[in-house]
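Look at the sequence and the structure first, then read on.

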Amino acid sequence: MAPRTHNITDVMSVASVFTANANSNYAQLWGMTKEHWVRQAELEAYSEWQSGKEYDGNAVLLGARAYENNATMTANAVAQIDSFLGEVSDKIASWDGKDT
């Protein structure tokens, strides 16, 4: 039983440190790109501007691809965590039914 516990502990220990560092990096990246995304929305609103026209904020954000950018960044962050948990899952699957 010790090798199984030891391997999972090692993977989770590395995963927790790596994920904490990655989350910090994503937060910095988000702050750095925020103004770019705001500018994209401003340009989209400008391109749709017509005198007297009412604007739909969601339509402007969709046109500026703000939701798409947010989804891509979130998917990348989640994929990183998933890769570590997948490694743990693979280890457990390989040990299933074996005397370990």
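R65 is partly exposed, at a relative accessible area of 45%, where partly exposed lies between buried (under 20% relative accessible area) and exposed (over 50%), with a 1.4 Å probe and protein chains only. The model is predicted, so local features need pLDDT of at least 70 and side-chain atom pairs count only at pLDDT 80 or more, while totals for chains, interfaces and linings use all residues. Residues are numbered from 1 along each chain as its sequence is written, and side-chain values use heavy atoms, without hydrogens and water.

**Overall make-up**
- The protein has three helices and zero strands; helices (H or I, at least four residues) and strands (E, at least two) are DSSP runs, numbered from the N terminus.
- Buried residues make up 17% of the 100 residues of the protein.
- Among contacts (heavy atoms within 4.5 Å) with a separation of 6 or more, 69% join residues 24 or more positions apart.

**The loop residue R65**
- R65 sits in the loop between α2 (57-63) and α3.
- The phi of R65 is near 65°, a positive value in a residue other than glycine.
- Most residues other than glycine have a negative phi.

**Helix α3**
- The 30 residues of α3 (residues 66-95) should span 44 Å at 1.5 Å a residue, and the end C-alpha atoms are 44 Å apart, which agrees; the expected span is 1.5 Å times one less than the number of residues.
- Buried residues in α3 include A66, M73, A77, Q80, F84, V88 and W95.

**Y46 in helix α1**
- Y46 belongs to α1 (residues 2-48) and counts as exposed at 66% relative accessibility.
- Y46 and V60 are 14 residues apart along the chain, with their C-alpha atoms separated by 9.5 Å.
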